[in-house]
Amino acid sequence: MPLKGGARQRVFGPVPSRRLGFSLGVDALPFKTCDLDCVYCQLGGTPHKTLKRKAYVGSKEILDELSAALQGCRGIDFISFSGSGEPTLNTELGAMIRGAKKLSGIPVAVITNGTLLWHPDVARDLMAADAVLPSLDAASDNIFEKVDQPARGLSLEKIVAGLAAFRKRYKGKIWLEVMLVKGYNDSLEELRRIKACIDQIRPDRVDINSPVRPSDKKVSPVSASCLARAKALFGPKAVIIGGAKKDARSGAAARLASKIRADQVAEMILRRPVTAEDVRRSFGLGPSEAAELLEEVLRAGGIEAVRRSGRVYYRGNRHPRRRL
Ligand code: SF4
């Protein structure tokens, strides 16, 4: 079973996403290749923050795997580039987006931390996507340092200016995510400063989020009243993100593979901690089928079950970290 050292899958899911419906994920990076080390990151700490852009994984490898995965899929809302790091660090991202669009009529989204859109090559690569989902967690340098722990050389001013310049040229949707972390970026003053950045960037939607899934650092979600305050402040384009709505069993979407394997479930878990319910929804399984597969995944190793906010999450084992 690939959990213990087999070839790594680059295409995973479909994953029920709160923002993209059912999305088939593409991960074109070695594990945790990122220029940030966000306190709330579900993948654990960033071992070596990097600003180096290169072809970490080639577009041919990605598109071959995507083509095979699409044979077994129906009802996918988006092909999304995300996964285990910052996708815009891959210099072949533009070729991958264009190739993915040629393979199917499915819209392509890129989930990015938004730190590199000032870079002309990154902006050019993203032009082919149907939706770009950048993050903005802070508007003050000291809070940016605290929440996102950026690589040396990244400046918040440049990041916001890059997002605003990209907006002027880009015709697709920009859905900006603001992750509010209790005690970090939830003061009224900071929310007001973030609102000023939102006005500069002019996204199509602002998704207000707060960390509920497990991360290595102890962080807490903000209160419902703080979320409501942020929504009122950010204006009519702001939404508070709720739970994923679609259910594969109901026929909205489903991977049509004859038999879901434990390694497919593990590949999804390694990109994002999930509950048994997420697994059930993603793969169109009954509760007992999902439970059996999760048992198998845990037995194979590399995945652990942890409890957060009264729910059991399955995630990549942190001790020791499994290298992908
Ligand atoms: S949350 Fe995203 S941007 Fe932040 S450290 Fe994790 S992978 Fe990087």
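User: What makes the shell around the ligand divide into nonpolar, polar and charged residues?

Analyst: The shell holds five nonpolar, three polar and two charged residues. Ala, Val, Leu, Ile, Met, Phe, Trp, Tyr, Cys and Pro count as nonpolar, Asp, Glu, Lys and Arg as charged, and the others, Gly among them, as polar. This is a predicted model, in which local features need pLDDT of at least 70 and side-chain atom pairs count only at pLDDT 80 or more, while totals for chains, interfaces and linings use all residues. Residues are numbered from 1 along each chain as its sequence is written.

User: Which residues are around the ligand?

Analyst: They are Cys 34, Leu 36, Asp 37, Cys 38, Cys 41, Leu 43, Thr 46, Gly 85, Glu 86 and Asn 113. A residue is near a molecule if its C-beta atom, placed from the backbone, lies within 6 Å of it.

User: Why is one side of β1 and of β9 left without a neighbour in the sheet?

Analyst: Eight strands form an open sheet with mixed pairing, in the order β1-β2-β4-β5-β6-β7-β8-β9. β1 (11-17) and β9 (238-240) stand at the edges with a single partner strand each, so one side of each has no neighbour in the sheet. The average twist from one strand to the next is 25°. Strands are DSSP runs of E with at least two residues, helices are runs of H or I with at least four, and both are numbered from the N terminus.

User: How many bridges join β4 to β5?

Analyst: Three bridges join β4 (residues 78-81) to β5 (residues 108-111), and these strands run parallel. Two strands pair if DSSP finds at least two bridges between them, so β4 and β5 count as a pair. Ser 80 stands opposite Ala 109 in β5.

User: At what angle do α9 and α10 pack?

Analyst: Helix α9 (residues 276-283) and helix α10 (residues 287-300) pack at about 110°, their axes 9 Å apart. That angle makes α9 roughly perpendicular to α10, a term for 65 to 115 degrees (under 35 is roughly parallel, over 145 roughly antiparallel, the rest oblique). Axes are lines fitted to C-alpha atoms, for helices over the stretch in contact, and angles run from 0 to 180 degrees between N-to-C directions. The contact includes Ala 276 of α9 and Pro 287 of α10; residues are in contact if their C-beta atoms, placed from the backbone, lie within 7 Å.

User: Why are α8 and α10 called roughly perpendicular?

Analyst: Helix α8 (residues 262-271) and α10 pack at an angle of about 75°, with axes 9 Å apart. They are therefore roughly perpendicular to each other. Their contact has seven nonpolar residues, no polar and one charged.

Note on methods. Contact = placed C-beta atoms within 7 Å.
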